[in-house]
Amino acid sequence: MAQAGTTAGHRDDPAAHAASQALAAAGLAARLDRLPATRSLWATVGLLSLGALFEYYDLFYTAYVAPGMAKAGLFTPASLGPFDALAGIGVTGFGTFVFATFAGLWVGTTAFGGVADRYGRRVVFTWSLVWYSLATLALAVQTSGFGVDLARFVAGIGLGVELVTVDTYIAEIVPAGVRGRAYALNQVVTFLAVPIVALLAWLLVPTAPLGVDGWRWVVLVGTLGAVAVWFIRRGVPESPRWLARQGRLDAAERVVRAFERRAEHDLGRALPAPAAVATAPAPEGRASFAEIWSPPYRARTVMMSVFQFCQTIGFYGFAAWVPTLLIAKGIDVTKSLQYSFTIAVVNPFGPLLGMLVADRMERKWQICAAAVAAACFGLLFGQAGGFWPVILLGVLVTLSNNWMSFAFHGYQAELFPTRVRARAVGFTYSWSRLSGAFAGLVISALLAREGVGAVFAFIAGAMAIVVLAIGVWGPRTLDRPLEEISG
C-alpha cells in the first residue's frame, strides 16, 4: 500500500514522477552495463551488422561500377538531362553520380537523422534498409544518367538514416566494457561488403551476363538487404534506453530482462548484482536540435563536425577513388579492378585486428593514431611503383582507415545523451557527406593537374586536422557508462 501511495503521489507531482522515472532508467542502464560479453550479445551485434553490411555494399559499389556506367554512356550531357547543369560547379560525367550519392546521404543524415530519436532505433533501422534497397532496385533498371542519379539520390537518403541509426543502436544496447569490441565486430561484418563488391565488379563489370550490363548485376545484389531485414527485425529488440526515455519502463524492463536471461543461460550461472546508481540522474533536456548547441554538447558538436568533414577526405578519398588512382598511375582498367580487389580484401581485417585494442586503448587516441598512419602510408602510396609496393601500401592505408572508422563510429555515439543521440550523430555526420562531395571535386582537379602525389598530400592535410580536433578537444570515453559521458 505504501508503494501504491508513493506512485500515486509521483503522478500528482510531475517533477517527482520524472525523477522517479529517471532513477528507474538509470537502474536499467546499470543492469545493461554489467552484462558480460556472451554469445547472445555478439549474436545481437551480428544481426545489426548484417543489415549494415548491405548498407556498406550499397555505399562502396560507387567506385567499382564507375567504369561500367561510363562505358554504357550514361553520363553524357544528353543522358544526364537536368543533372548536366552541375557542370557549372565542376561536376561532370560520373562525378554527378558521386554528387547524387553524397547529396542523398546529406539529406538523410541532416533532415531525417533525428527520426530514430522519435520513432525508435529498431523501426527506423529496418525501414530505412527497405527504403534504400527498393531505391537501389529502381536504380538498376534505369537507362539514362538522369534516372540513375535521381534513384541514387533517393537511395542515399535511406543510407544516411541507416548510418546514423546503427551507431546509435549499438551504443545503447552494448555494455560499457565491450563497446569498442562491439563496434569492431560490427565493422568486421560490414566491411566484408567491400571485397564482395570488388570481386563482383572485377568479374561482372567488364562483361554482360545474360545480355545485361555487368554493373547492373553488381547493383542488384544490394537489393537483397530488403529480404534480410525480416530476419533482423525478429532477432533484434528495441533499445531499452530509448524505451525508458519514452516512459515505457515496462517494455524497457522486458528487454533488459531478456538480455539478462540469455546471458545467464550462456554463462550457466546467475549474473552479479548491478552497480548502485551513485548519484541522482541529471535533469532531462528538451530533446531538441538546440540542445546539441548548449554546454557541454556545443564543443562536442563543433569538434565532431570538424572531424567528420576531414575524415571523409581521407577515407573516401582513397576508398572511392582506388580504381581511378591506379589508372592514373598507368595501370589499365582490368588490372586496376584486379588491384582494387586485392586491396579491398583486407577491409574486414582492420577492425578484426582492432579488436585487440578496442577496449584497452582510449578511443580518441585510436582515432588519432589511425589518422597519422593513413596519412603516412598514403603519401608513400602516391610515390610507389610496381605491383607489390602499390598493393602493400594500399593495404596499409585501408587497414588504417578502417581502424579509424570503427573507433569513431563508437566514439561519436558515446558523446551525446539518449534523447538527442541520433539527432546529434546525424548532424555531425552530415558534414562528412558534404565533404565527400567537396573532396570529389578537389581530388578530381588535383589528379588531373598535379597527379596522385598531390591527392595524398591533400589527404594528409585533412588527417592532420583530424588529429588536432580529436586529440586536443576530444573527451575520454573508455569503460565509462553512456550516462556518465553524456550527462
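## Basis of the model

Local features are given for this predicted model at pLDDT of at least 70, and side-chain atom pairs count only at pLDDT 80 or more, whereas totals for chains, interfaces and linings use all residues. Residues are numbered from 1 along each chain as its sequence is written, and side-chain values use heavy atoms, with hydrogens and water left out.

## Packing of α3 against α11

Helix α3 (residues 39–71) packs with helix α11 (residues 214–221) at an angle of about 175°, their axes being 9 Å apart. α3 is therefore roughly antiparallel to α11, a term for angles over 145 degrees. Helices here are DSSP runs (H or I, at least four residues), numbered from the N terminus, and axes are lines fitted to C-alpha atoms over the stretch in contact, with angles from 0 to 180 degrees between N-to-C directions.

On the α3 side, Phe54, Tyr57, Tyr61, Val65, Gly68 and Met69 meet Trp215, Val218, Val219 and Val221 of α11, where contact means heavy atoms within 4.5 Å. By class, this contact has 9 nonpolar residues, 1 polar and no charged ones, with Gly counted among the polar residues and Tyr among the nonpolar ones.

## A nonpolar surface patch

Trp127, Leu224, Val227, Trp230 and Phe231 together form a nonpolar patch on the surface, with about 550 Å² of accessible area. Such a patch joins nonpolar side chains within 5 Å, from residues with over 30% relative accessible area and no salt bridge; the areas come from the Shrake-Rupley method with a 1.4 Å probe. Helix α12 (residues 225–235) gives the largest share, 3 residues, while tryptophan 127 lies in helix α7 (residues 121–140).

## Backbone features in loops

The peptide bond from proline 295 to proline 296 is cis, with omega near 0°, and proline 296 lies in the loop between α14 (249–267) and α15 (297–319). Leucine 210, in the loop between α10 (193–204) and α11, has a positive phi of about 60° although it is not a glycine.

## Salt bridges

With a salt bridge taken as a side-chain nitrogen of Lys or Arg within 4 Å of a carboxyl oxygen of Asp or Glu, the count comes to 18. One of them joins the side chains of arginine 31 and glutamate 253 (2.7 Å, N to O). This pair links distant parts of the chain, 222 residues apart, with arginine 31 in helix α2 (residues 14–33) and glutamate 253 in helix α14.

Definitions and conventions:
Helices (H or I, at least four residues) and strands (E, at least two) are DSSP runs, numbered from the N terminus. Angles under 35 degrees count as roughly parallel, over 145 as roughly antiparallel, 65 to 115 as roughly perpendicular and the rest as oblique. Patches are made of residues with over 30% relative accessible area and no salt bridge: like charges are joined within 9 Å, nonpolar side chains (Val, Leu, Ile, Met, Phe, Trp, Tyr) within 5 Å.
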